[in-house]
Amino acid sequence: MKRTELIVYFLIVAFLLAAYFFFPKPLNFSAAVSIIIVIIMALAFILVFVRTIQGHFIGRRMVFVFVGVALLLPFFMQFKLPLQISPEVRSAYDALVNLPPGSRVLASYDYDPPSAPELQPMADAFIKYCFDHDLKVIIMGLWPQGPQQANLSIEAAFRENPPLRNNIKYGVDYVNLGFQSGNEFVILRMGESFKAMFPTDLYNTPYDSIPLLKNIRNYSNVDMSFNFSAGRPGAVEWVQVAVDRYGLRIASCNTAVQAPQVYPYLESGQLLGLLGGMSGAAEFEDLTGKAGKASTYILSQSFAHVVVILFIIIGNVAFFREKRTKVD
Amino acid sequence: MKGFTTIISLVFLMALPLFAQETPPDSALVGAAVDTLVPAESRPAPVGQLSAEDTPNDDGESITINWMVSPDDAAGKVAEYKVMRALAPEGPFEEVGDAGSGQTSYSDNRAERGVPYYYKIAALNYKKVDNQITWQVSSESAVIGPIMATAQWINMGRLNILIAILILNGSIIYFIWAAKGGRQFYIRKIAGIEEVENAVGRATEMGRSIYYVPGINDMDDVQTLASITILGKVAAIAAENDTRIDVPVSRSMVMVTAREVVKEAYSKVGRPDSFQEDQVRYLTDDQFGYAAAIDGLFLRERPATIFLIGSFYAESLIMAETGNSIGSIQIAGTAQPAQLPFFVAACDYTLIGEEMFAASAYLSREPKLLGSLKGQDLAKAVFLIAIFVGVILESFGIDVSNLFTAE
Amino acid sequence: MGFWEIFGVWLAALLTLGIISFLYRDNAFYKACEAIFVGISAGYWAITYFWDNLYRKFYLQVSDPAGTEKYVPWIGFVLGILMLTRLFKKIGWLSRWPLAFIIGATAGLYMMTYFVSNAMVQISASILPVFEGSFGDIITNLLVSGGTFCGLVYFFFSKEHKGVFGGAARVGIWVLMLTFGASFGYTVMSRMSLMLGRLDFLFGDWLKLIK
Amino acid sequence: MRREIPLAITFIVGVSYIIAYFIPREPFSNFENWFNDWYAIVASFAIWLGALNLMKMSSLKIIRGKADVFHSVLIIISFLLILGIGFYEGFRGINATPSFSFRDPGTGFDWLYVNIYTPLSATMFALLAFFVASASYRAFRARNFEATLLLLAGFFVMLGRVPVGDLVTGWLPPEYQLSQWANWIMNVLNTAGQRAIMIGIALGLVSTSLRIILGLERAYLGGD
């Protein structure tokens, strides 16, 4: 190991330990400090711009530092930015609002921890809304990690509103069917019978002895479905099989990587609504009135986007200057 | 010996559940207590216009019941509708399903084929406190029936799809057959492929090597297959120019196949001795490990030309960035929609989705690929005409868009 | 908070830093974390498939005394066992049977689902009226229908892109590029969100600086 | 035997799925249901195959004493650790009253999931945030008209999807703010383009599936 490397590691560890023992908790920047930080960052970018134009591209690790700072510092800032609700998020929310109390909603958790920062806020807001409005939730997962992420949302709902712990009953108000392998073949088989794919729930209780599932045989007995999707299997498979073959009504919550590919289904009416990425999550939290993680993340997200855009602009200005000098 | 141990441990694993015990069903999940303290005028009027029919286009296990909501539904006096079924008009009726207030239909999916059933709907109103029903009133509709579930031999709602898929598959088979018979098909120029010779030539001039990265998926991915086909052609051009081509791969199966293909390309141009086995080598299966290793190779070897063709995921941008930063000519191609933007932004030429498959057909002249391409093009032509004519008809108020959707 | 909880958070923080250290350079700490990840995730998948599938679906179904068609899942089980023959050189070819089953099922299902949902329904949705509604509606409909049309023209391979056809193809590639731009923006959004989650963990759950 | 039977299986299973789409009644509906059930079972064996294969490779590496012995040992230890705890918690859950799941909060399996699996997998992908920024700076260039269009659309979407975008265009009426531009790009241009790609991919999949079912495409069977 090189000496510089050791020094870098040492500095990072020292900083973290200092943060752990000496920093105020929670750490909040005042408005003045926040503005000063923004100005310093802007100045740093001007410096990068000048250096790049002169032909000295800054190193990869420097870029990493910029991104890290842009993502981290807004966590401690107190800016509140207004949010515009996009039509696809509103229509997903409207579909949920229009369900009468007692309606049955199928929630498929098709994601794993790496996508949780985007999808967990949506799932949490969804579960909280359902519990508050007496909507019955049937949880399942096409990804093995899904049911565990669902447990986290339920726990979050109970933590926020402790009386729910007594009022919301497992097996009556919600049920967790667990994970089943087979991707789209699971969706296909459920069109015939839920029980065939989930003979028991997660806790090995037989399907027929769960009160909530008494009158549910297949998709025709659920009123709507929400799908939290991070890839394959996910939103695309639900549309292709459950919507187009069995007429399930579904709103989709996607990671931002997947969302653009799902938009055509929205315009064609195969989806009732669409929540895409962190912005979709923040807007949904805004609509349901349950400010959660996404509402705090969106500020950092803004900074990060600006940083990426500035880097693209700086890089391209340098590129065009270089091209022009070559032509000359 | 290792095989034996694995079998033993597997059998053990499979047998484990035999020792598990059955759990008794949890019957204490609900306890409904009906109180008699019913407020006045809380009983909803019964539903009207009850009708039932066999659910069409199914395997005969379902009956659809339709009704008009109770006149008191809008006033919030209906909590839910209960669907009751019996084998005789006088009963006994049992609950087969429920629907929320405001709903007007229910599919009874537990009907047995050919058995005559009778149905009625009960409009229910109740109050719940802490999940306990404190009071409940209901009024029942008239009985309807008998009605039987029947199975259909063909799903009439999907007839249009049947015709369309038959035409598409028929034309693909026809064109494959024609191509096998030696018919030539025209394929348009594809920018990235046209540039292959120049890109290889540049490497020859500079005296540096060419890198060909076939993606991170295994041989069961069609994109990898297409990539290997293109590799054969690129390797032949490289061998002709006596320029070294390196193929770092992330799957052992891909390594074996790619080695064969490159070796053959060298033999074809008459330089079988120039081929060295280590030109095609396996790095690691791990996604980021592979990306990091390629990164290092690019920085050390500084190849003049880089091909990134195949199935790529998140590692695409790490590779494209490094290739770009060392000033290589990069020709990329993938059918992963999420990775295409990064290739377009960071590489000189990009084969977009289908273009990559077309390129492999174009280069290999394999009848099955050429025929498929031609068949797909025919379908595209039909679709293009459909959109064009459809938009005009639709604009004049003639609804044709339903022709393309199943019921 | 109990010992295991605190220990867990510290362990998770250590592992997170281990992976992040890759940004500096590929190092031994990162390699160790990566090895743990490979082992743990393989075990995680194996365990969940065992309990959720082999036990809950297969075993409970065949051992259910009231079950009908109890013998049917056994065929799937035998196919599954054949899959494992790939571990042994001599009988490895038997694993092609389950593989053929998987590939045949996927091919059969995909042919219909993709053709219906991604071709037919999308064609139907692209047939939009362009003479009615507000000016904005007309432009929108024209762009959706026309954009899809030109995009398809670009992917047409058996005719040279010349004349009007070539013009449409050129518009098609522009539409595709704008689409990729949208994807690009969304992918950046996604990647940033993932790191936000980790920073929230490090500075919130671990260091308690974020409330 | 080695080729004919797999080809026959592929053909029969593939055709059954296609027929079942058009004929809703038995025997085809039954075939479809059975095949779906088998698929789920075979899929879980495939996962076990992958895991056992990993163990085989890692053990071989240790036996041969190659460079990454330490690496392989770590893989095996962590695999066996989660396997042992997963089986233990599973049996405990089945035999307990009321029964619980091996992945319930509070179980050892959940502890491993939350404190080892989650941070490792999530951080692995989170690294991309940094790489995407560095690539924006050093590689994403408006080298031609097409790439310029791409970067412009990306610019509007990136800004329009976060509140900062509306801050920049705050002086415009609400319907012309950046978030509305982003909405429009996503719902109109992106929809049209994605649709063209989707239709193309769908046709490609149909023809590939057809070739597989007819046995013209048999690379998956491997050599010999």
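Visitor: Hi! Let's start with D:E217: buried or exposed?
Guide: D:E217 counts as buried, because its relative accessibility is 9%, under the 20% cut-off. Keep in mind that this is a predicted model.

Visitor: Which side chain does D:E217 meet in a salt bridge?
Guide: That would be B:K368, with 3.3 Å from N to O. The pair crosses between chains: B:K368 sits in helix 11 (residues 367–395) of chain B, and D:E217 is in the segment after helix 8 (178–213) of chain D.

Visitor: And B:K368, is that one buried or exposed?
Guide: Buried, with a relative accessible area of 17%.

Visitor: How far apart are the closest N and O atoms of A:R60 and B:E321?
Guide: They are 3.5 Å apart, and the two residues form a salt bridge. A:R60 belongs to helix 3 (residues 60–72) of chain A and B:E321 to helix 8 (residues 316–325) of chain B, so this pair joins two chains. Both A:R60 and B:E321 are buried.

Visitor: How many salt bridges are there over all chains?
Guide: The count is 44. Another of them links the side chains of A:E160 and A:K128, at 3.3 Å from N to O. Since A:E160 lies in helix 6 (residues 146–160) of chain A and A:K128 in helix 5 of chain A, the pair ties together parts that are 32 residues apart in sequence.

Visitor: Is A:K128 buried or exposed?
Guide: A:K128 counts as buried, at 10% relative accessibility. A:E160, on the other hand, is partly exposed, with a relative accessible area of 41%.

Visitor: While we're on helix 5 of chain A, how many of its residues are buried?
Guide: 16 of its 17 residues, so the helix is mostly covered.

Visitor: What span should that helix have?
Guide: Helix 5 covers residues 116–132 of chain A, and at 1.5 Å a residue its 17 residues should span 24 Å. Its end C-alpha atoms are 23 Å apart, which agrees. Just after the helix, A:D134 takes a positive phi of about 55 degrees.

Visitor: New topic: which residues touch the most other members of the largest nonpolar core?
Guide: In that core of 363 residues, they are A:F126, A:F131, A:F228, A:W238, B:I230, B:L308 and C:F115. Helix 6 (residues 163–206) of chain C gives the largest share of this core, 22 residues. Another core, of 19 residues, lies apart from it, with B:L50, B:I63, B:V78 and B:V96 among its members.

Visitor: What does A:F228 touch?
Guide: Leaving aside residues up to four places away in sequence, its contacts include A:Y109, A:Y111, A:L119, A:M122, A:F126 and A:C253.

Visitor: And which residues form a nonpolar patch on the surface?
Guide: In chain A, A:I35, A:V38, A:I39, A:L43, A:I46, A:F49, A:V50 and A:F79 do, with about 660 Å² of accessible area together. A:L43 is in helix 2 (residues 31–53) of chain A, and this leucine counts as exposed at 51% relative accessibility.

Visitor: Last one: where does D:S72 lie?
Guide: D:S72 is in helix 3 (residues 69–95) of chain D. This serine is buried, with a relative accessible area of 3%. Not counting residues up to four places away in sequence, D:S72 touches D:S58, D:K61 and D:I62.

Methods:
Residues numbered from 1 in each chain as written. Chains lettered and ligands numbered in written order. Predicted model: local features only at pLDDT ≥ 70, side-chain atom pairs only at ≥ 80, totals over all residues. Heavy atoms only, no water. Core = buried A, V, L, I, M, F, W, Y, C linked by side-chain atoms within 4.5 Å. Buried < 20%, exposed > 50% of the residue type's maximum accessible area, 1.4 Å probe, protein only. Helix = DSSP H or I, 4+ residues; strand = E, 2+ residues; numbered from the N terminus. Contact = heavy atoms within 4.5 Å. Patch = residues over 30% accessible without salt bridge, like charges linked within 9 Å, V, L, I, M, F, W, Y side chains within 5 Å. Areas by Shrake-Rupley, 256 points an atom, 1.4 Å probe, with all protein chains shown as cover. Salt bridge = Lys/Arg side-chain N within 4 Å of Asp/Glu carboxyl O. Expected span 1.5 Å × (residues − 1).
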